[in-house]
Every structure is written in C-alpha cells, then in structure tokens.
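Here's a quick tour for anyone opening this one for the first time. Take a look at the sequence and the model, then read on.

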Amino acid sequence: MNFKRISVLTAAATAGLMIAGTVQAGATFDAVKKKGYVQCGVSTGLPGFSATDDKGNWKGIDVDACRAVAAAMFGDASKVKYTPLNAKERFTALQSGEIDMLPRNTTWTFTRDTSLGLNFAGVNYYDGQGFMVSKKLGVKSAKELSGASVCIQAGTTTELNLADYFRANKMEYKAITYDSSDETVKAFEAGRCDMLTSDQSQLYALRIKLTDPNSAMVLPEVISKEPLGPVVRQGDDEWFNLVRWSLFAQINAEEAGITMKNVDDMMKSADPNIRRILGIEGVKGEFLGVDDKWAYNIVKQVGNYGEMFERNVGEGSALKISRGQNALWNKGGIQYAPPIR
Amino acid sequence: MADASPERETPAKPRLLSDPKFRALVFQIIASITVAAFIFFIVRNTLTNMESRGISTGFGFLDRASGFGILQSLIEYNETSTYGRTFLVGLLNTILVSVLGVFFATIIGFIMGVLRLSSNWLISKLAATYIEIFRNIPLLLQIFFWYYAIGFNLPGPRQAMSVGDSLFLSNRGLYIPAPVFESGFMATGLAIIASIVAVISLVRWARKRFEATGQLFHTVYASLAILIGVPAVVFFSTGAPMHLDYPALQGFNFQGGVAIIPELFALVLALSIYTAAFIAETVRSGIQAVSHGQTEAASALGLRPGWILRLVVIPQAMRVIIPPLTSQYLNLTKNSSLAAAIGYPDLVAVFAGTTLNQTGQAVEIIAITMSVYLVLSLIISIFMNWYNAKMALRER
C-alpha cells in the first residue's frame, strides 16, 4: 500500500509542478507589485556598489538602483529584499526568477544581452578593467608584467579581457581564478599572485580591504570598456521600462538640479522641465504603471545620480573615486539620459 | 466435486484485484508511467520556458573559442582553444587529482589501518588519534587549512627555497626539472617496455616453479636488476638522448621545468588524508573480521608473522575491505569537485564555472558535468567489482 501512496504523491507533485510551470514569463511587474517588495540580486560584498555597513544595512550604488525602483513603484525605497550572489550564480538566479533585478556591477556585453534571455536596463557606472600590484614589485606599467601570476574572480568579463590584453601584447601570464573577490584579495596579500585584476572601481574597493592598503597600487592602464548596469529578464517590458526609467529619472534630476534637499521646493518651480520630471504636469506615471510622483519619490528617498555617486563611491565615501566618465554629458562625462517628456 | 468447482470459480473474478502478482504489476506500471511523465514534463517545461525567455540552447557553444586562460593543463591549451577543449582540460585535471588522491589515500589508509591494530600502545593510539581527527573535520575546512597553511606561508619566488638550483619551493608551487627527450630516446622507451614484459614473465615462471617444486626464487632482486639494468644499458649505449630542463627564475616566476602548483598539492593532500582516515577504519575492520583461529593455525604450521599477514590474513580481509573501499574511492572522486574553493582548475571550476558563466548555457553544462561524474563513478565501480570478483573466496 506504501507503493500506492507514493504513486499518488508523485502524481500530486507532478500536477503541482504543472501549475507552477504554467506561470507565464512577462509577469514580473505584476508579481513584484503583488508581493510588495523588490527582490534584488547584489554582490556578496563590494564596498561602494553593494555591501553591508556596520549595522547590517545594504549600501552602494547597485543597492540604490533597487531602492530607486522600489521608491518609484511603492513610494517607499525600503521595500527591497537582497540576495547576495557571486559572479557565477548571478545570471542563473535572474533567469530562474529567484530575483527580480540584478544590479551587481555586471558588464553589459553582446553575448549576455543576446543569448542569456536578459536585458540590460542602462548603465549606472562606466568602468574599465585595471591592475593592482604590490608596490614592492616596482612595476610602473602593465606592459612590464609578462610572466606574472594573476589573481582573478571566476565568471567575469575580466577573465576574457585579461587573456586578450596579454595575447595582444605577446605576454605570458598564469591566471588563478577564485570564486569570490575576497579570496582573490587574500591570495594577492599572501603573494600567491603578483597582481590582481578587476574593474578599476573594484580595485579601489578591494584595496581598502588589504591589511595595509598603501602596500599596493593601481596601475594607470585601463584595458577594457566595462559599462555596468542593472539587468532584468526578457519578456516583461513594463518591468524593464520601470527599471530603466528609475535610473534615467535620477540622471535627469541631477541635470535639472533637483536634489534630495530641494525637491520639495522644486515642486513649486515654474520650469516646465522640472515640473514634468516631478510629475506635476504633462507626463503621467501611469505610462509606467506607477504613481505620478514616482520620480519625486526616487529623488526624495534615494537622491539624484550625482548625490548617489558621491555618497557611495565619490568624495563622501572611503573609495574617493572621481566622477570621470561618470560625470554628466554636459560636465565632461558620458552619463546621459533621454528626456522625460 | 462437480458442484464445488463453479463455487470456486465464481469468486475468482473479483479476486483478480486481490491477486498480489497482478496488483504488483499494476502498481509497477503506474509508477513507471508517473516517473516517465514526470521526466517528460520537466524536460519539456524547461525547453519551453528557456525558449520563451530567449535563452539559447544546444551544444554548439562547444566549438566556440573560449578566450580565457587556465592555470594548469595536461594538454595543449591556450586562449584560442574551444570550450570543448576547456571541458577536456577540466576533466583531465579532475582525473589527475582523483588518481593521485586514490593512490596516496590507499597507501596511507592501509598503513594507518594496520598500525591501528599494533600491539604497541603508543603506535595504535597515534593511529586512532589520526583517524578520529581527520575523519571528523569537514573536508572543505581541511582543504582550506592545507591551502592557507602551506600554500600561503611559503616564501615568494625570489626568496624560494631551493635544493641544488634544480628544485625550487615557493608560494608559486614546487618546480622540478623536466625531462626533455631527444630523437634517439625511442630505443630506451622500447627497452623499458621489454624489461616490464620480462619481469612479468619472470614472476609467473617463479610462481609456477614454486607451486610445482616448492622452491623459492627471489624475484625482487632479479626484477630490479632487469628493470633498471636493461634500460640503463640501452640509454647510455645510444648516447644518453635526454637532458633535463631546469627551472629558473625569470621575471616574476620560474620558467621551465615542471610545476606542481600549491592548489594541486593542497587538494591532493587534503583528499588523501581525509579519505585515508576512512580507509584505515575499513582496513582495520577487514583484518579483525578474519577469525583469530586462522592466524593461530597458520602460526602452528610454522609460517613467519609477515607471511601470515600476507598469505593468510590479507587475502581474506580483502573480501571485507573491497566493497567499502570502492565507496571511498567514489567519494574521493566526487569530493575532488571542492577544488573550485581554492582555485584549482578542475572540471567544476573550469567547465561548470567559468565556461558556464561565459556562455550562459547552464542546463547543458550542468548536465554534461553531472554525466561525467556519473561515468567516472561507474568506471570505478566496474573496476572495483571486477577486482572484488577476482579476490572473492573461490569455492571449489
């Protein structure tokens, strides 16, 4: 009779899976709205991008990407739950629906955008790959690094760029790949490798994890383009639009001079551009399926792009990275957003 | 009697369901159909969902260029090789670790198992302590321990410890001279093969003679003489067509020679020490399973203690030891996938790790990887079952 019970259970389980299986792709927006929070895939700890502070709160510009979406959708930036992922797990977690969006210092590439069933919603940080070496080596340029051992995080574009760079310059190298960036730092510190390679922003973040940050230096060469941005699943354009325009709203707000502090005063502004961004006239939030004050909520609770940058990776942070390429297009950088109108 | 038979036949029809054979058959059919339907549903559901989400499927990616480097490769590999090649590199690295691990684990395990039964109190307690410590600490922690304790505490390449400028030990690994064969080496190679064949036939002949006449022939010394002497004579008479490639510090690392990377060393060490603790217990139980009467009988026949162990105890103990030993070999092979934790480029790290991430073909790659471990395990099982059948008690 046990046999019978098992068969019945199996049949029931199969039926249950069939129902689960028929849930259609393209319903992320509705699902997020219904459950009341954004499930956000972040790194396992990269200062400035996504890391927990001493009170256990997630901080960083990738974290703020999720908070901005939550602010637009729910009017409350705190309606976010985080899933820490390493580089190897991240796409599977998004593809399988475990998370709703993936702002995890992820480089926008052709293969990822076209063959993984994913879409990149924008660029929240323009980065490039660099090298960190121990000062003891006395190396001034990456061109002197032939024959070096390199510590690297597995499952990144970094692995490919490194191979390209050394091949193009006819140099030899040995790559030691670890699962997490913490391990690469440990191995670098122990001298297992001569240099550590990663996106420049990460190098600065990883350098402050060293026991003696001054013992290492970041070389001037930048060997690749690494546009980092939030990723969503294909098949739900509503959700894609919301994630994309949450970022654009922040960039537009900076351009228009709307900040966390002055956003309430700006509500009285006569400037039609500002009035449109803040949802007072013209543009309606319903096009995105959210409240008219969606952009107001983002700026009020998360800040504009510049504020977010300075707070997490800029002068207001331990990383002290200058705006560089990430300055607005009219201030010498390449951050640019289509107008809200 | 004629009256009774219809009485017996009428209730026979409803009995079909209560017939245990028929019922068993029905339930087996239902169960098989359910399982088949379940698998069919899973596969179809996966394919449909992957297609609707625009995730590309298929095995075409194996022909594309990989574009990344791998730390250790037993075959020719560079960044322009295909993903199919990365699979082979990873597979060979996994097999290398498994073979080395099985080899050392068996040796350490047998020694420890025998020492555990030593009549010397100190030796037996030392063996027991070893077994209890390493058997009861999670393997992953042991791997980290050996890697961080040994690999990270060695000096850098410029301060490497060296033996006569040919062996170098640093945190980049152990560098040893590599033999480079020249054109005339073929003759020596043939001589080695010939001497191995000669030794095998010598041992067979000696055994036959022993069984026929009872006279002993010391094969050990004769074999050694053949194995070393014949190739050596050929080697030098053809003008020593081989030289050694010595490792030398050049720039950041050693160049030349053969490198044993710390990742490989730590992994093999951790796997063999961990598995050996289990094998030791298996060996101990196997030896203890041989009744003491056998030892006494053998000693009454005048056999020396070493012979008793070799001719009476071990052959009988092997029958008890081999089945659990097979499980330990299987465990070791599968445990080698923990390599990814310390950056050793095994199948899981290279193929189910980097390759998966660069191509995004998760379903295909995980399926391939799982089948590989299945096939490896089945091969080990088949071999050990054959060995077990060979060692089994032959009843005449």
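## Before you start

This is a predicted model: local features need pLDDT of at least 70, side-chain atom pairs count only at pLDDT 80 or more, and totals for chains, interfaces and linings use all residues. Residues are numbered from 1 along each chain as its sequence is written, while chains are lettered from A and ligands numbered from 1 in the order in which they are written.

## How confident is the predictor?

Where the two touch, domain 1 of chain A puts in 15 residues and domain 2 of chain A 14.

## A sheet and its helix

Chain A has an open sheet of five strands, in the order E9-E8-E10-E7-E11, with mixed pairing. Strands (E, at least two residues) and helices (H or I, at least four) are DSSP runs, numbered from the N terminus, and two strands pair if DSSP finds at least two bridges between them. At the edges sit E9 (173-178) and E11 (216-218) of chain A, each pairing on one side only.

Strand E8 (148-153) of chain A runs parallel to E9(A), with six bridges between them. One residue to look up is A:Val150, whose bridge partner in E9(A) is A:Ala175. Helix H6 (157-168) of chain A lies across E7, E8, E9 and E10 of chain A, at about 155° to E8(A). Such angles run from 0 to 180 degrees between N-to-C directions, with axes fitted to C-alpha atoms, for helices over the stretch in contact.

## Where chain B meets chain A

How many residues does each chain bring to the contact? Chain B gives 37 and chain A gives 43. On the chain B side, helix H3 (20-52) and helix H12 (347-359) each supply at least two residues, and H3(B) gives the most, with nine.

Note on methods
Two residues are in contact if their C-beta atoms, placed from the backbone, lie within 7 Å.
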